[in-house]
Amino acid sequence: MPQLLPLRLLETVGLRTAPVATPIVEPSTDTGGPLDFDPALERTGPLSIIAPRRIGESDLTVYPLSLGASVFGWTADGDTSLDILDRFAALGGDFVDTADSYVGGRSEVLIGKWMRERGNRDHVTVATKVGRHHENPGLGSVSIVRAVEASLERLQTDRIDLLYFHDDDPDVPLEDSLATAEWLIESGKVRYLAASNFSADRLIEARILASSGLPKFVAIQTQYNLMHRSEFESALRIVAAAQGLSVMPYYALANGFLTGKYRSKGDLTADARSVRASAYVNRRGQRVLAVVDRIATEHGVEPASIAIAWLLAKRSVAAPVASASRPDQVNALMAAAGIRLTRAQMLDLDRVSE
């Protein structure tokens with residue numbers, strides 16, 4: 001279990017104590033429906049202790065921020081990737097998210113090298129995904145087994161803590177994929193199973209199959225952030241809550257847009273992340289950034305911290321997935337878990353991002 005993070009470490013990452021605001025006695029009830037966040041959000045000061053969060057119906061408990069490793073070996077070279085991981089661990093991070101297809105497996109190789117050299121495998125929760133690697137595509141039994149074996153070799157470990165099916169595979173009966181995962185779990189090579197980019201209907205089907213003894217999904221990954229909400233905030237959110245699934249939102253910072261890096265067309269470049277972020281450089285995006293900036297100033301943190309803190313206040317969200325291309329960028333990601341947004345701030349963010 002990760003150590004609880006003391007206040008002095010929050011100060012190390014730049015989270016200054018904000019004055020406690022007067023509690024809101026009569027908050028607006030014009031929310032457009034039931035609140036999707038903790039109704040007791042009234043305090044504005046940073047949390048003095050960061051409690052680990054449990055992943056679904058598993059015994060995995062993690063710091064509430066998952067370090068996305070899709071950039072390792074790509075926009076972050078090998079040495080920089082190791083430095084990023086070191087900074088993440090130094091600040092209390094213990095949950096790393098990768099996939100066998102990230103940079104053709106290079107991401108897993110770097111994580112494996114880091115864990116071996118630091119001797120910290122037992123203190124890190126490793127999540128990886130299978131289904132997209134060109135050598136083992138899809139969720140057929142042979143592909144899954146070969147993909148897991150290859151990931152274990154690259155990660156230099158004997159088990160994967162959380163294995164995601166990277167995408168649904170309509171060409172393979174879900175029962176067969178789950179049965180293969182069951183064998184991997186029984187053999188000790190995989191501890192728990194999760195789903196990435198699955199529809200609500202398929203999650204329901206998976207839970208029905210699990211009632212016959214097949215392994216349950218304990219978590220899901222889906223795109224979810226202040227700029228991209230409707231996909232999750234529909235049937236998927238309802239099913240996730242009903243099944244007790246932990247939600248791990250990816251693109252938590254909307255491809256870097258919510259860091260404030262891209263505020264005008266002039267800030268955009270030709271790299272892949274900038275191209276994806278360009279979809280948000282418009283009037284709506286500027287309105288969202290304006291509110292994020294204001295709340296970030298109120299808390300004395302970076303905009304990225306507020307964007308992640310908003311996700312962490314949502315029901316079912318356990319650990320948003322966010323990446324960094326430099327070690328210093330990890331600070332703002334980690335600081336998010338110590339921020340307690342007020343009810344009014346949550347409502348402001350909800351309304352401006354609708």
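Q: Which residues does Asp 267 touch, not counting residues up to four places away in sequence?
A: In this predicted model, Asp 267 sits in the loop between β9 (246-250) and α8 (272-277). Once residues up to four places away in sequence are set aside, the residues that Asp 267 touches are Lys 261 and Tyr 262.

Q: Is Asp 267 buried, partly exposed or exposed?
A: The relative accessible area of Asp 267 is 33%. Buried would require a value under 20%, and exposed a value over 50%. Asp 267 therefore falls in between and counts as partly exposed.

Q: How far apart in space are Asp 267 and Ser 278, C-alpha to C-alpha?
A: Along the sequence, Asp 267 and Ser 278 are separated by 11 residues. In space, taken from C-alpha to C-alpha, the separation of Asp 267 and Ser 278 is 9.3 Å.

Q: Why does Ser 58 count as buried?
A: Ser 58 belongs to the loop between β1 (53-54) and β2 (61-62). A residue is buried if its relative accessible area is under 20%. Ser 58 counts as buried because its relative accessible area is 7%.

Q: Which residue has its backbone oxygen 2.5 Å from a polar atom of the side chain of Ser 58?
A: Leaving aside neighbours within four places in sequence, Ser 58 is in contact with Tyr 192 and Val 218. The backbone oxygen that lies 2.5 Å from a polar atom of the Ser 58 side chain belongs to Ile 55.

Q: How are helices α2 and α3 oriented to each other?
A: Helix α2 (residues 78-90) packs on helix α3 (residues 106-118) with the axes 10 Å apart and at an angle of about 55 degrees. Angles under 35 degrees count as roughly parallel, and those from 65 to 115 as roughly perpendicular. The orientation of α2 and α3 is therefore oblique.

Q: What is the handedness of the crossing of α2 and α3, and how many charged residues are in the contact?
A: The crossing of these two helices, α2 and α3, is right-handed. On the α2 side the contact is made by Gly 78, Ser 81, Leu 82, Leu 85, Asp 86 and Ala 89, and on the α3 side by Arg 106, Leu 110, Ile 111, Lys 113, Trp 114, Glu 117 and Arg 118. Of the residues in this contact of α2 with α3, 6 are nonpolar and 2 polar, while the number that are charged is 5.

Q: Is α6 roughly parallel or roughly antiparallel to α7?
A: The axes of helix α6 (residues 200-210) and helix α7 (residues 235-243) come within 9 Å and cross at roughly 20 degrees. Because angles under 35 degrees count as roughly parallel, α6 and α7 are roughly parallel.

Q: How many nonpolar residues are in the contact of α6 with α7?
A: In this left-handed crossing of α6 and α7, Ala 200, Leu 203, Ile 204 and Arg 207 of α6 meet Ala 235, Leu 236, Val 239 and Gln 243 of α7. Of the residues in the contact of α6 with α7, 1 is polar, 1 is charged, and the number that are nonpolar is 6.

Q: How many of the 10 residues of α12 are buried?
A: The buried residues of α12 are Arg 343, Gln 345, Met 346, Leu 347, Leu 349, Asp 350 and Val 352. Their cover includes α9 (283-299) and α10 (303-312). Helix α12 (residues 343-352) is thus mostly covered, and the number of its 10 residues that are buried is 7.

Conventions:
Residues numbered from 1 in each chain as written. Predicted model: local features only at pLDDT ≥ 70, side-chain atom pairs only at ≥ 80, totals over all residues. Heavy atoms only, no water. Helix = DSSP H or I, 4+ residues; strand = E, 2+ residues; numbered from the N terminus. Buried < 20%, exposed > 50% of the residue type's maximum accessible area, 1.4 Å probe, protein only. Polar contact = N/O pair within 3.5 Å; in protein donor to acceptor, adjacent residues only side chain to side chain. Contact = heavy atoms within 4.5 Å. Axes fitted to C-alpha atoms, helices over the stretch in contact; angles between N-to-C directions. Parallel < 35°, antiparallel > 145°, perpendicular 65-115°, else oblique. Left-handed = near helix turned anticlockwise from the far one by under 90°. Nonpolar A, V, L, I, M, F, W, Y, C, P; charged D, E, K, R; others polar.
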